[in-house]
Amino acid sequence: MKTLEIDASACKTVKQFTPLLKQAIKAVEAIHGDSVHAFVDSMVFGVASDLPPPYEVVVTGLKHGQVQVFVDELSQAIGQARLEHRTRRNEDIRVSIRRG
């Protein structure tokens, strides 16, 4: 599995962090949003991303609460979407995000 590392040490807000995540997953900038839902669509379902699974995003340097919360919420949402996809289609989409 490919590991993508993002250094979020300079990110004080989610707005500063999401461009780094978009770049890492090769998001289609013109149509990709900044919400947890938008990243789940891209990472699990490939809606607006040019990076195919499998991969893991490891976020290092987390210092600010709202970015940590965003990463944790996205991690949980991806896990839930993967579970639903496995249940419906008997196939796992191996992507994840976690604190490093």
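**Helix packing and core of the predicted model**

The axes of α1 and α3 come within 9 Å of each other and cross at roughly 45 degrees. Axes here are lines fitted to C-alpha atoms, for helices over the stretch in contact, and angles run from 0 to 180 degrees between N-to-C directions. Helices (H or I, at least four residues) and strands (E, at least two) are DSSP runs, numbered from the N terminus. The model is predicted: local features need pLDDT of at least 70, side-chain atom pairs count only at pLDDT 80 or more, and totals for chains, interfaces and linings use all residues. Residues are numbered from 1 along each chain as its sequence is written, and side-chain values use heavy atoms, with hydrogens and water left out.

The two helices α1 and α3 are therefore oblique to each other. Angles under 35 degrees count as roughly parallel, over 145 as roughly antiparallel, 65 to 115 as roughly perpendicular and the rest as oblique. The crossing of α1 past α3 is right-handed. A crossing is right-handed if the near helix is turned clockwise from the far one by less than a right angle, and left-handed if anticlockwise. On the α1 side, Val-14, Phe-17, Thr-18 and Leu-21 take part. They meet Gln-66, Val-67, Phe-70, Val-71 and Leu-74 of α3. Contact means heavy atoms within 4.5 Å. By class, the contact of α1 with α3 has seven nonpolar, two polar and no charged residues. Ala, Val, Leu, Ile, Met, Phe, Trp, Tyr, Cys and Pro count as nonpolar, Asp, Glu, Lys and Arg as charged, and the others, Gly among them, as polar.

Helix α3 also packs against α2. The angle between α2 and α3 is about 45 degrees, and their axes are 9 Å apart. That makes α2 oblique to α3. The crossing of α2 past α3 is right-handed. From α2, the contact draws on Val-36, Phe-39, Val-40, Met-43, Val-44 and Phe-45. From α3, it draws on Phe-70, Glu-73, Leu-74, Ala-77, Ile-78, Ala-81, Arg-82 and His-85. The residues of the contact of α2 with α3 divide into 11 nonpolar, one polar and two charged.

Helix α2 is mostly covered, with seven of its 10 residues buried. Buried means under 20% relative accessible area, exposed over 50%, and partly exposed in between (1.4 Å probe, protein chains only). The buried residues of α2 are Val-36, Ala-38, Phe-39, Val-40, Ser-42, Met-43 and Val-44. Their cover includes α1, β2, α3 and β3. Just after α2, Gly-46 takes a positive phi of about 70 degrees.

The largest nonpolar core holds 28 residues. A nonpolar core is a set of buried Ala, Val, Leu, Ile, Met, Phe, Trp, Tyr and Cys residues joined through side-chain atoms within 4.5 Å. Phe-17, Leu-21, Met-43, Val-57, Leu-74 and Ile-97 touch the most other members. At least two residues of this core come from each of β1 (2–7), α1 (14–24), α2 (36–45), β2 (55–60), α3 (65–89) and β3 (95–99). Helix α3 gives the most, with six residues. Leaving aside neighbours within four places in sequence, Leu-74 is in contact with Leu-21, Val-36, Phe-39, Val-40, Met-43 and Ile-97.

Val-69 lies in helix α3. Its relative accessibility is 43%, so Val-69 counts as partly exposed. The C-alpha atoms of Val-69 and Phe-39 are separated by 15 Å, and the two residues are 30 apart along the chain. Ser-35 sits in the loop between α1 and α2. Ser-35 is partly exposed, with a relative accessible area of 37%. The C-alpha atoms of Ser-35 and Phe-70, 35 residues apart along the chain, are separated by 9.0 Å.

The loops also hold backbone features. Lys-26 is found in the loop between α1 and α2. Lys-26 has a positive phi of about 55 degrees although it is not a glycine. At 45% relative accessibility, Lys-26 counts as partly exposed. Asn-90 lies in the loop between α3 and β3. Asn-90 is not a glycine, yet its phi is positive, at about 55 degrees. Its relative accessibility is 72%, so Asn-90 counts as exposed. Pro-54 has its place in the loop between α2 and β2. A cis peptide bond joins Pro-53 and Pro-54, with omega about 5 degrees.
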